[in-house]
Amino acid sequence: MALAAGHRRSVLEAAAALGAVALALAWEALFRPGGAAWSPFLAVAVAVTLLAWWRGARVAVPALVAGWLGCTLLFADVRRGILQGDVRQSVGVLLHLVLVGLVVLLAEQKNRVLRRAREAEAVLEHKRSRLAEALEDASRAATILSSVREAIIVLDLNGLVTYWGQGATDLFGWTTREMLGRFLPDRYPEPVRERVMAGLQQIASGELNWEGEFEDVHRDGSSVWIHARAHRYSDASGRPVGIIGVAYDLTARKQAEEEARASAETLRLVTDALPAYISYVGADERYRWANKSFEEVHGVPRSRIVGSRVAEVLSPDIYASVQPYIARALAGEPVRFETSITRPDGVPVVVQGTYLPDMEAGRVRGYFALILDVTERYEADQELRRHREHLETLVIERTAEVQEAHRREREHGRLAAIGTLAAGVGHDLANLLLPVRVRLDTLARIDLPPAAKDDLSQARAGLEYLQRISTGLRLMAADAERTGPGPAGTDLSEWWSEVEAVFRAGLPRGVGLKGRLGKGLAVAMPKHQLTQAVFNLVQNAGEAMDGADVERRLVTVRAAAGRAGGGARTVEIEVADTGPGMPPDVLARCFEPYFSTKTRGIATGMGLAMVRGIFERWGGSITASSGAEGTTFRIVVPEAEPAAVGERPICLAAVSPALGRPGDIATVLLEALGVAVRRGPEIADADVWVTEPVERPRLAAFLAGGPRRRVVVCGPAAESAPAGPFPGIEKRVAFVGADPRAGELRRALSAAVGDLTEGEKRAVRV
Amino acid sequence: METRDGIRVLFVDDNDILGASMGRWMTDAVGMRWLGWTDDLAAARRMLETGRPDVLLLDIDMPRQDTFAFLRWVAEEHPDTRVLMLSGHMRQEYVERALDDGASGYIVKDESLPTIVEFVRRAAAGEVVLSSTARSWVTGPV
């Protein structure tokens, strides 16, 4: 194009030159018909030369030379014209010069215009090129911006949106069309709007950058957590022109953080609520975390615990006890241990610890420590162990007792068999003796010769002996478990007269029996139990001497009054033999339950342990001593009250005459209980009143006469239940029904009489 | 209860020696009228019907015979006849049962004959009697 333009200029220049020549020829023809022919040619040559010079022709020097020559010639023509007076020629030449000058000026002006046009075209071309580059950059930038996922928003300084990227649309829901030209804060609800406004004002007032996290709002109303950064930008001259904002979606991160925070809070609540000391210790043995229990037990806030070394938080003795476990845990080994320590508050406890290493890529980052206070469990275990040991002891003891019970049961069985035998023999003896006694009594009424009377006397003595054996056998047969002491004790002399025959019959041949029991002695225990126990002692004594090489084989039973340690009256009974005595080891063990030196089957089966049990049951005791002169069993039992064994009653009972058969039975029962009985309406001095149902006031009046008075009512309770101001009165009245059974009446009367304490029992004369 | 010709006594026991001896003694006893002795309860029923005894001395342990059932029958059918149990046994349940079934007393056979006669008199007079051995039942465990 440049070449084409240059060629055109050359053509124009050639045309201009030809025009100038043509104009010069015309002029010549007009003004110089006879003039020299050199002037137009010279004028053209000068014009062309000047034009070439003006254009910067490379032939400037020759052109200048030519121009100079032409000008010289021209001026020469002018001068010649002037000199020749040819004004016409001179004007013509000057006109030629003016014309040539005009041509040159025109050419110059044309060239200047062309030059400027070329310059303008170059500028335009440059700008076109810049614009193309700018468009290319803008296109590239738009592509980049559209591919950015972050929300990019551009505002002018007034807060109007000038750019709303796809990321912003994705994040907030509004489209570019909706947001362009809109005042950005307008899309926010309060109080976010204020915050955005404040941020824009902050930037407008001079801050270059603004950054923050806040909860934004999506177009659909949902919450969007964003991190926003705004930057004020300027043009090339540095003039602020707008604000570029970039927002990142933090919702997922915020949710994760919230979940993590909630999870951490839950973990904290759980661990704080756990009755355990939980902590996390780093590999440097510094606490990273601890729960509330841990904090409380050490009395140090968690803020101080975290970061402290284990050795700084734990007391020296506790640290010394757990340090080996810490070392193992930090070596990567899970550790479980139990140890006794003293808590920081001074309480000794037993703890169970678990250290779990926190491993990452084979490296121990720390360990989790879980410490449980197992003191209660430990104590419970200890208690359980003690109970178990106690239970085992009990089992052993109970087993021994069961074995003893079995042994006693077997012995009881033998005793029962003996008792049955004795009862049968006693019964048969009674049946036989009664008619014999009848015959003897009949004979006694007859006037017999002296010899016959003597025979009769002998027969009666034999009968009495048999009678005593019968009685003794009955005592032997009595059931120990079903017979109580009763109010009366056992008169020893009377008892001895009944049992001596049976005791003597139980001794081996050649063994004598001697009783030394003074009158007036009585023991507070049942006759049959005394019989059974002493019979065994006598029998043992006899067996000890059976076949023994002793001069005289004799069993002696003695009794004497005594005093117990507390001053209580007692009776001492001795059963002594003249045998060889017992070796010390036998003597030491003779009261043990299973100990026996006898051949089984010979004895009654009641061992010395059971004999001792009988006496202890009635408040007594038994000891044994043995030597060369024989063995003596010494029994101490409480003495019975004289009133208990005498004929005198211990209290007075009034039995209502209105009672029929129940009154009759009550009378005989009360008499058997040792109570004086008055069968009549008088009750003023009675201790016990047996009556039909009576009015309550009368009943209460009787009871009010003494705190220990008792009433047995033969009738339903509803008819005479006492009421009124007599607290505890119900306990003093027994109701047995209108037609009580004998056993029921016996129990009520026994209870009424038994309620009279020893101090209140009194002897009365009827 | 006692008639002018004495207390009518009937004796039921399987011991013939005792029966005969008791008869001889009672016959001679002042104020007693001996109605007889039997070892058979059926015969005793007939004798009760005919003799109308004031006191019946009744043994307990009689082979193949329920003396307590007989006692209840007597108490029911002959309420005017006092029954005294006369036994060689001293058992608590026997005493209770005898009293519950209507007996007027319980005499163990270790008592002397005069004592037995005295018990008969007291029973005929309306008392309830227990011999000394039988009284041990009262003092037993409640």
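**View 1. Buried residues of helix 20 in chain A of the predicted model.** The buried set comprises A:Pro662, A:Gly663, A:Ile665, A:Ala666, A:Thr667, A:Val668, A:Leu669, A:Leu670 and A:Ala672. Helix 20 of chain A is thus mostly covered, with nine of its twelve residues buried. Within chain A, these buried residues pack against strand 18 (652–655), strand 19 (676–679), strand 20 (688–691) and helix 23 (742–754). Chain B contributes helix 4 (92–100) and strand 6 (129–130) to the packing.

**View 2. Span and end of helix 20 (residues 661–672) of chain A.** At 1.5 Å a residue, its twelve residues should span 16 Å. The end C-alpha atoms lie 17 Å apart, which agrees. A:Gly674 follows helix 20 of chain A and has a positive phi, near 85°.

**View 3. An open sheet of five strands in chain A.** The strand order is 12-14-15-17-16, with mixed pairing. Strand 12 (512–517) and strand 16 (621–627) of chain A form the edges, each pairing on one side only. From one strand to the next, the twist averages 15°.

**View 4. Strand 16 of chain A beside strand 17 (residues 630–638) of chain A.** The two strands run antiparallel and are joined by seven bridges. A:Ser621 stands opposite A:Val636 of strand 17.

**View 5. Helices 15 and 16 of chain A against the strands.** Helix 15 (residues 492–505) lies across strand 12, strand 14 (554–563) and strand 15 (569–577) of chain A. Helix 15 runs at about 175° to strand 12. Helix 16 (residues 527–545) packs on the sheet and touches strand 12, strand 14, strand 15, strand 16 and strand 17 of chain A. The direction of helix 16 makes about 25° with that of strand 15.

Note on methods
Residues numbered from 1 in each chain as written. Chains lettered and ligands numbered in written order. Predicted model: local features only at pLDDT ≥ 70, side-chain atom pairs only at ≥ 80, totals over all residues. Heavy atoms only, no water. Pairing = 2+ DSSP bridges. Helix = DSSP H or I, 4+ residues; strand = E, 2+ residues; numbered from the N terminus. Axes fitted to C-alpha atoms, helices over the stretch in contact; angles between N-to-C directions. Contact = heavy atoms within 4.5 Å. Expected span 1.5 Å × (residues − 1). Buried < 20%, exposed > 50% of the residue type's maximum accessible area, 1.4 Å probe, protein only.
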